[in-house]
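Let's walk through this model together, starting where its chains meet and then moving inside a chain. Please keep the viewer open as you read.

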There are 2 protein chains.
Amino acid sequence: MMRAAKAPSPAGLSYVGEQMSRMSGLRRLMDDIATSTAGDRADEWLNLSIGNPASIPAVETMWRDLIRHAHAESFAEAGQYGPSRGTPALLSAIADYFRDRLGWMIGSENIVIGPGSQMLCFIAAALYAGPGRAGPRRVLLPMTPDYTGYQGLCTIAGGIAGVESPPVAEEGRLFRYVLDLDAAALPADPGMLLLSSPCNPTGRAVTPAEQDGLIRIAERLDVPLFVDHAYGQPFPQIGPTQAPPVLHPNVVNCFSLSKAGLPGERIGFAIGPERFITPIVSFLSNSVLHAPRLAQAAVAEGLRSGAIDDAVSTAIRPFYAERRLLAEKLLLSAMPPDVDWRLHANEGGMFAWVWVNEGWFDDLALYRQLKERQVFITPGRSFFTAAPRPGQHCTQCFRITLSVDEASLREGIRRVGLAVSQARPPRTPPSSSDDCEETSR
Amino acid sequence: MMRAAKAPSPAGLSYVGEQMSRMSGLRRLMDDIATSTAGDRADEWLNLSIGNPASIPAVETMWRDLIRHAHAESFAEAGQYGPSRGTPALLSAIADYFRDRLGWMIGSENIVIGPGSQMLCFIAAALYAGPGRAGPRRVLLPMTPDYTGYQGLCTIAGGIAGVESPPVAEEGRLFRYVLDLDAAALPADPGMLLLSSPCNPTGRAVTPAEQDGLIRIAERLDVPLFVDHAYGQPFPQIGPTQAPPVLHPNVVNCFSLSKAGLPGERIGFAIGPERFITPIVSFLSNSVLHAPRLAQAAVAEGLRSGAIDDAVSTAIRPFYAERRLLAEKLLLSAMPPDVDWRLHANEGGMFAWVWVNEGWFDDLALYRQLKERQVFITPGRSFFTAAPRPGQHCTQCFRITLSVDEASLREGIRRVGLAVSQARPPRTPPSSSDDCEETSR
């Protein structure tokens, strides 16, 4: 009977339902990748599109031990509902940790723990964007490209606005997106600002000056600036982030344990002024209730004992630093030298972000060509809020993960270089004007 | 600096934000209870208001073993993001389990696993209620009183409507709420129907005829009927539920592992037609991503091995059956015999629901009087959608949990009886008409 039920249809869905049940372009690709790489011949695929953190044995061992410890010491907690703000043990471990490491004087009232920082950002978007007494507000992404998941946060159609950061060439094959502070200050209707730093996908981290500029905008509008440190300080601290997280009456800092190796258990938290944190706690208690408790116990012990700090400094940071250098070397060797391609400067994060500054390049075409070579990369267009247009910057980029094993990275990037070479249109040999006239007929 | 931040204020919140950051009356009480029962003298309190399942050693041992097993066998999953629909292992365990136990022929397309069934109901309310192409729709609770958490689900003010079930006296001290099918069929704007069966707080379970009546309404409107089996079949199966869950093109069945002993780890799932399940999966992937993976692995093993079924039949059902009989006996002995009080018939669930059918009785006054005696019960008004009015049914009920230890239940109910006796106004002795005239001046 169930199989004969009516086909999925938007009939009956609210506007929110239509918005939230939409498959984004990237989600369709992820389904394509999951389908292709499942099954008997999964090993033949080189998947450079994944968002999972690298499998690092020392990190896995640390989490295995921490969860075993939580199971032995705190198992009774699994049998009880917990507070929506988070367990007292983890709240107090977080307050102590940030006091010791960053000098922050915060209490539980400034902290909320949730099942992943994405859920906290989703809640923030519901709280601070959409229709309200002050008129309709939007979530402003002040530096796009940025994490594509942000575009799925808002339950209101058109509720997300992005400000494109212009790409600026740097020495050698590098480039960097630079915050266009004037453009970011223009929209009058942001209910909140949101950015990842270091950024997924680009690896860009805000400079102290850029961070100050964004804070000035948030202050002027008196809205929260949510800064997503999923790849930054204090963990997993991938890359040479310049601007450490700051405490400020208009800043909410989001942290995640996912890229420090525990994505499957869904623990993230936010630290900020009580007036922004309290409504998030209420929303949690109305929806998901609270984050899982054993994982909270494991994280509390990992923060208190210094185990997470040790893993960051001895395993996670060195791993990604090495992978990044390798990816740079491999791209230099694999990409055709006469193509104008550039790599975003290394300021942190788990990805290499490549820009092919050529009119003929199309990110989705590259995706398809590489799929035929059994390689998956992530086309760049989904990370921009602008509509994709051929020949424009937003269709000229792609993302490669640094978290796969070295052999896959080597062979994958080799095939990327081949595919880009083949995508390049053939050079037309010098020809007479007659020929030109003939071919143009 | 953080402590000096501005006081919490609705300024800047969207309408959704104002709605979702509101503290319900019950939440304020829960804070009161948490504050009172925390600290050094916590043991002196008898808390009959808790929503946690009972601590049953055999059940705790089962989950402890299942999670240890998941840690040993599936730990690598914690280091990877998972599918938003749920892990393949748990999806397939659920499909097999419901095929074997209830004969349901379902596949993964009919199932979604989430971090608790409350989150799934929250998502359903966002998908199927609120403004939409067909006009504004509401969540209809066709049998109130019902779970107070449902009233926090809807992000839209006024988005929840309830139909009061009339209380009908049964033999002895019992009564039962009866579905008013005509009243439930009247509202033209439901986007979905939602009820718990067995019900928190009342213990009422729908009869097969009531269930059929609700399905007819859902069919006519072509909206989903969400049935929350958190206390019912197949687990934890507390009480003699008459109507087993049914597969139907308009029914979505929600199940939870919380009352089977694992509330802290947040695992629930829904089974229904693909057209209603698919949008829930998309919403999950835009918000909380997925349920925690180790707990999913533990539940999969618990379903496959029969361990959960064993715990239900040998530990959970007998425990609550015994507690229910004890509570009935204690109430009969403690409550003043000349007060018209009644207990809801035992059809399942984890609570005793008492109705004091007297004009002078007030649930909130009883809460306060019992707090002075270091006992907490849950006043009944929050479970009704109607505004509380003195002397009406909705302020004449209270809830007692069956999940505390026996000594607390004994002493707690004894004090409940004393408090009700003292709340009863003194009988006026027969007096002359002169006296009456004097006092009335």
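The copies meet through the same surface, because 100% of the interface residues of chain B are also interface residues in chain A. In this predicted model, 80 residues of chain B are in contact with 80 residues of chain A, where contact between two residues asks that their C-beta atoms, placed from the backbone, lie within 7 Å. The model is a prediction, so local features need pLDDT of at least 70 and side-chain atom pairs count only at pLDDT 80 or more, while totals for chains, interfaces and linings use all residues. Residues are numbered from 1 along each chain as its sequence is written, and chains are lettered from A and ligands numbered from 1 in the order in which they are written.

Which helices build the side of chain B that touches chain A? Helix H1 (15-20), H3, helix H5 (117-128), helix H8 (274-286) and helix H9 (293-305) of chain B each supply at least two residues; helices here are DSSP runs of H or I with at least four residues, strands are runs of E with at least two, and both are numbered from the N terminus. H8(B) provides the largest share, 8 residues. Sorted by class, this side of chain B has 39 nonpolar, 27 polar and 14 charged residues. The classes work like this: Ala, Val, Leu, Ile, Met, Phe, Trp, Tyr, Cys and Pro count as nonpolar, Asp, Glu, Lys and Arg as charged, and the others, Gly among them, as polar.

Now for the symmetry. Two copies of a chain are related by a rotation about an axis and a shift along it.

Let's step inside chain A.

Two packed helices are described by the angle between their axes and the distance between the axes. Helix H3 (residues 57-74) of chain A packs with H10(A) at an angle of about 165°, their axes 9 Å apart; axes are lines fitted to C-alpha atoms, for helices over the stretch in contact, and angles run from 0 to 180 degrees between N-to-C directions. H3(A) and H10(A) are therefore roughly antiparallel to each other (over 145 degrees counts as roughly antiparallel, under 35 as roughly parallel, 65 to 115 as roughly perpendicular and the rest as oblique). In this pair, Ala58(A), Val59(A), Met62(A) and Leu66(A) of H3(A) meet Ala307(A), Ala311(A), Thr314(A), Ala315(A) and Ile316(A) of H10(A). The contact of H3(A) with H10(A) has 8 nonpolar, 1 polar and no charged residues.

H10(A) also packs with helix H12 (residues 406-423) of chain A, where the axes come within 9 Å and cross at roughly 30°. H10(A) and H12(A) are therefore roughly parallel to each other. Among the residues making this contact are Leu326(A) and Leu330(A) of H10(A), and Leu409(A) and Ile413(A) of H12(A). By class, the contact of H10(A) with H12(A) has 8 nonpolar, 1 polar and 3 charged residues.

Finally, visit some loops of chain A. A cis peptide bond joins Asn200(A) and Pro201(A), with omega about 25°, and Pro201(A) sits in the loop between strand E7 (190-196) and helix H7 (208-221). Another cis peptide bond joins Gln233(A) and Pro234(A), with omega about -5°.
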